[in-house]
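Hi there,

Here is the structure I promised to pass on. Have a look at it first, and my notes follow below.

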Amino acid sequence: MDCMRKMKVAILGSGNIGTDLLVKVLRSPCLECALFIGRNLSSPGMSKASSLGVPISAKSIDAILDDPDCCELAFDATSALDHKRHWPLLEKLGKRVIDLTPARLGKMCVPAANLEQCLDSPNINMISCGGQTSIPLAYVIGRTQDEVDYIEVVSGIASRSAGPATRINLDEYIETTEQGLRDFSGCPRTKVILNLNAAQPCIDMQTTISAQVRRPDLERLRPAVDEMVEKIRRYVPGYRLLVPPTLEDNRIVMMVKVQGLGDYLPRYAGNLDIINCAALATAEAFARHRLSPPAVLKGAHHA
Amino acid sequence: MPDIRISDPTLRDGNHAVAHQLTAAQIARYAAAAEEAGISIVEVGHGNGIGASSLQVGLSREDDATMLRAARAALSHSSLGVHCIPGFATINKDLRPALDLGVDVVRVASHCTEADITQRHIGYVCQRGKEAIGVLMMSHMAPVEVLLEEAAKMRAYGAEAVILMDSAGAMLPQDVTERVGCLARGLDIPVGFHAHNNLGMAVANSIAAVQAGATILDGTARGFGAGAGNTQLEVMVAVLEKMGFSTGADLYKVLDLGDLAEREIIPVLPTIKSISVVSGLAGVFSAFAKHVERISKQFQVDPRDVFFELGRRRIVAGQEDIILEVAQQLANGGAGTAEGGRQAAERKRAA
């Protein structure tokens with residue numbers, strides 16, 4: 001759906017995630033990147049933004065504090081620590097924030113599962129890359145299976161797609177994703193495992209979701225999973241089901257692969273692409289939401 | 001101080017061989033005997049270390065705390081050790097509680113090219129005043145220069161020693177000499193070696209490691225461990241004695257330890273089964289064997305093809321989930337994968 005007027009956004013963080021997100025925002029019919037913000041004018045991300053004709057600033061959060069009208073919404077693609085500092089400042093200015101760090105301050109959002117419930121929250125947390133990949137399927141398990149005892153998610157990603165921030169924040173990634181899985185599936189026990197694989201050429205991101213349920217019902221699960229995968233593919237084109245729900249060793253197991261769009265990051269980095277795709281879909285929903293009266297919005301979403 | 005420090009992961013690597021079903025009572029008995037025998041480090045827990053009990057690699061019969069308490073009560077001179085892989089174990093959920101229970105030595109492990117994921121865990125162990133040892137797993141998969149770089153990172157994070165693991169049992173003695181030698185020359189901390197016996201090289205490789213400068217060696221009672229098993233501790237200690245190296249261990253008591261393990265904790269003595277030979281040739285983590293056998297049976301495919309395809313895809317320890325995908329593809333004859341598996345096998349045979 002097109003938007004009548006583009007919503008102005010700022011991107012905080014000029015690393016891989018921020019820069020890839022920029023390329024996606026530039027393609028959006030609903031969003032305009034009014035400011036791309038980093039700390040160092042000569043970083044690769046800043047150079048890329050500059051070459052794309054996007055206004056840039058190296059003043060970090062001060063860029064927004066100095067010119068509060070520059071944007072309606074800010075994406076925070078810095079770090080959990082920085083986001084904890086940024087949020088109170090942005091909240092005072094009445095800015096909406098989509099947080100791509102694992103800071104977990106705002107409402108957890110997985111567009112395919114709870115986008116509409118998030119539209120009134122000022123701070124939206126995108127959980128994690130593995131969360132965006134696995135939580136929609138855990139959500140489907142929760143809705144189609146009785147007595148889900150345990151859900152486990154294992155992701156394998158290419159070493160080269162795991163930058164220093166990912167590596168130093170492995171524990172936060174695991175614990176945040178486990179929390180998201182519990183919240184969305186209703187299953188009290190969850191576990192997340194991450195493997196880095198150094199093979200060349202680089203492997204695509206792959207995620208396995210296993211579940212222990214009292215009475216597995218694949219008849220109900222399979223069509224619901226297919227439907228969910230289609231829903232995700234609308235905003236993450238590279239998402240696909242590799243192994244459909246299967247019973248093995250008293251567990252339900254399924255596997256998905258995520259290829260990126262290859263915007264700023266290579267296609268194998270589906271783990272980075274998917275969180276940006278999810279953040280973009282969320283921001284676009286905000287853009288449409290703010291332009292439509294609530295009654296019309298409901299109709300539009302069910303159209 | 002002995003020339004060679006013996007680290008015994010019978011109660012950890014051996015857990016792979018029994019699908020992580022060791023009981024607290026077995027752990028207590030074996031740990032007490034290992035202490036008697038003068039073993040320096042007694043490693044305990046799930047096969048993949050603390051926080052690893054999972055559908056992915058197998059659910060433990062006893063939780064981490066129960067296993068550690070059982071061992072702690074039996075050890076006073078020997079150090080209580082755990083294996084810890086970031087990506088499986090987190091500091092909050094797994095490492096802090098383990099240290100609170102009295103773990104002395106934490107062997108923080110990563111795939112051999114990914115040492116930087118160990119930084120926080122090693123740092124945390126140091127901050128708690130305990131001994132951190134870095135472990136590079138699947139070390140046949142990286143060239144020596146890379147191994148040295150990764151080991152040096154662990155040293156910089158605070159590791160007091162670095163262990164190279166031949167997790168797939170893929171190395172020949174000259175591979176060990178080259179790798180361990182490079183680390184021993186390039187680092188100012190002790191270097192150790194952990195062998196698997198897929199190609200029947202475990203004792204020979206351990207000796208090659210010592211001759212190349214290793215001063216820490218891993219060995220397990222009767223070789224109890226993943227797949228074809230590890231270096232047999234009793235043989236290793238005997239050979240080291242014969243060569244004139246001191247180990248701090250009492251040979252007779254180490255032999256008794258092996259007998260006790262056979263009697264009380266090892267249901268089936270390790271042998272090099274066909275599938276383990278293939279695992280070693282393919283360079284795939286030894287502990288995949290049980291999963292590959294189970295899943296290959298369900299999908300009615302040749303487990304050897306599965307191993308070669310996993311090797312071709314350079315799958316690392318922890319990626320057990322990929323076995324199912326590979327088996328399913330082979331079963332469907334899909335995307336030329338079955339053919340690919342066989343071709344890989346033929347290439348290996350020709351090599």
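A term to start with: two strands pair if DSSP finds at least two bridges between them. Helices (H or I, at least four residues) and strands (E, at least two) are DSSP runs, numbered from the N terminus.

This is a predicted model, in which local features need pLDDT of at least 70 and side-chain atom pairs count only at pLDDT 80 or more, while totals for chains, interfaces and linings use all residues. Residues are numbered from 1 along each chain as its sequence is written, and chains are lettered from A and ligands numbered from 1 in the order in which they are written.

In chain A, strand E2 (residues 31–37) runs parallel to E3 (residues 56–57), joined by two bridges. Phe36(A) stands opposite Ile56(A) there. On its other pairing, E2(A) lies parallel to E1(A) (residues 7–12) over six bridges, with Glu32(A) as the bridge partner of Lys8(A).

Six of the seven residues of E2(A) are buried (20 or more other C-beta atoms, placed from the backbone, within 10 Å of a residue's own; exposed is 12 or fewer, partly exposed in between), so the strand is largely enclosed by the rest of the structure.

Ile11(A) is in contact (C-beta atoms, placed from the backbone, within 7 Å) with residues including Cys33(A), Phe36(A) and Ile37(A), not counting residues up to four places away in sequence.

Over in chain B, all ten residues of helix H13 (residues 303–312) are buried. Just after H13(B), Arg314(B) takes a positive phi of about 55°.

Happy browsing!

Conventions
Contact = placed C-beta atoms within 7 Å.
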